[in-house]
Every structure is written in structure tokens, then in C-alpha cells.
Amino acid sequence: MYVMEMEHVKKKFGEKEVLKDISFSVKEGEVVSILGPSGSGKSTLLRCATFLERMDAGSLAYTGEEVVKDLNGLSLYPPQKEIRRVCGNFGLVFQNFNLFPHYSVLKNIADAPISIQKRDKEEVYAEVRKLLEKVGLADKENAYPCELSGGQQQRVAIARALALKPKMLFFDEPTSALDPEITAGILKIMKELAAEKMTMVIVTHEIDFARAVSDRVIFMDEGIIVEQGKPEEVIDNSKNERTKVFLKKLVY
């Protein structure tokens, strides 16, 4: 089953065409890494998939339900209430954490399941404490974001995304703001999620990580998907010159 499907997606900012007719789908349990230079459209693709940006053209479906329809080359969006419902399908982890500074760690993670999903408070708190154990922060539930390191804040952000019990997770360069030592801890959590068959789409520059966890790697450049396939095909035996040049810069 496909958790998410995008067909013929286009997006412009002013005169700049950032996404040029991209079709992209993700199967249940699949881990897809998206590589590419800055400005290639990777983050915009994620933002369109998660309703943070509106597509100009193309369709978007979750679990077989077409949410955004393509009508004569224009994206037709449903009412906001419908979009909010569909957003329950996914969690999103940003590169800059986006935690609420005035909420404790516990409240940062528990707030959406309680206020948006209307779940039982004590049940959510029990689940949040299990998630904090999972990400190695069992002793930090009463801390505030300003008291945490960048790596700890990103662990909280991952726990917050998981607390909504999404069908898939999107990661937008989750380690780009972190130093290498802290990055290793975040990548370890993501590897564990991959081993648990969590469906994930990861925009990353971590080539070794992408090779290790991905079922499929996509290389984007200038708003198009240049190449995609298994990690060993795209990373180790790339057929496309643009992909080869990009990877060479990262390796050396």
C-alpha cells in the first residue's frame, strides 16, 4: 500500500520554478532518502507533501485518498478542516526543532495528542514517558527547551512527532544544525525507527546513513528527480553525471 502519492507536482516562487513536474510515492514501511544540492527543491517537496506550501499543479494522496486534486493543471485543495484531518497521517521533524519554549518537554510532546486528537491525558502522559525512554531522555520530562542541548531538543522533536502515532514521518535535514558527535545519536534513533519499519522520508546530506537505512534513494537537482533507485545503485554506481559530481563533493 502507498502511504503517500504525489503526481505531476509543480511549484513556483515568483518566476522561479522550484519543482518541475515531480511524481513521487512512498510505500508502507519504506525508507526514502532525498539527496541533492541546496536549492534543488528537496525541502519544498517536503513542505508541499505536508501542506506547509501549496502546490501550483499536481495531486496529493494519503493512504489511497486523493486529498489535493489536479484540475486542468491546477491543484485543487479541500477545506482547511479536511486538511487538518489528513495531517494526522504524518509527523514532521524540522532541522531547527520548533519546540514551544514556554512548555516543558512533557507538555511539548503531549500537547497535540491531547488538544488535537482529544485523547485521554493520563494515557498520553504514559505513552510520552515511554517515548522519552526510547529517545534517551527519561529524566528530562520537566526540563524546558532552553535547558537542553541541540541534540536533546531534536530527540524531543522526534518523540513529539511519534506521539501522534502517524503512519509516516518526514525529516527535513534533521542533523544539519548539530555537531558530528550529537548527529550520531540522532541517526541511531532514526536507524532504530527504520528497523521497526516506520515509513520515513528523509532529506539529508548524511550519505553513509542514507546508504545504511534507505530502501530507496532519490537525487534531486534544479527541481526535478534526476535519478532514483536502491542506495547501491544511486550512491555507489550512479549513472547520472550530476549525481556523480554532487556525491564526489560530499565524499572528499
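Five strands make up an open sheet whose order is 2-1-4-5-6, with antiparallel pairing. Strand 2 (16–27) and strand 6 (74–76) are the edge strands, and because each has a single partner strand, one side of each is left without a neighbour in the sheet. From one strand to the next the twist averages 20°. The model is predicted.

**Strands and the helix across them**

- Strand 1 (residues 2–13) pairs with strand 2 in the antiparallel sense, and eight bridges join the two; within this part of the sheet, Lys 11 stands opposite Leu 19 in strand 2.
- Helix 1 (residues 42–49) lies across strand 1, strand 2 and strand 4 (57–62), and its direction is at about 120° to strand 1.

**Helix 4: length and ends**

- The 14 residues of helix 4 (residues 121–134) should span 20 Å at 1.5 Å a residue, and the end C-alpha atoms are 20 Å apart, which agrees with that expectation.
- At the start of helix 4, a side-chain oxygen of Asp 120 comes to within 3.3 Å of the backbone nitrogen of Glu 122, while Gly 136, which follows the helix, has a positive phi, near 75°.

- An α-helix has 3.6 residues a turn, so residues three or four places apart point the same way.

Technical notes
Residues numbered from 1 in each chain as written. Predicted model: local features only at pLDDT ≥ 70, side-chain atom pairs only at ≥ 80, totals over all residues. Heavy atoms only, no water. Pairing = 2+ DSSP bridges. Helix = DSSP H or I, 4+ residues; strand = E, 2+ residues; numbered from the N terminus. Axes fitted to C-alpha atoms, helices over the stretch in contact; angles between N-to-C directions. Contact = heavy atoms within 4.5 Å. Expected span 1.5 Å × (residues − 1). Polar contact = N/O pair within 3.5 Å; in protein donor to acceptor, adjacent residues only side chain to side chain.
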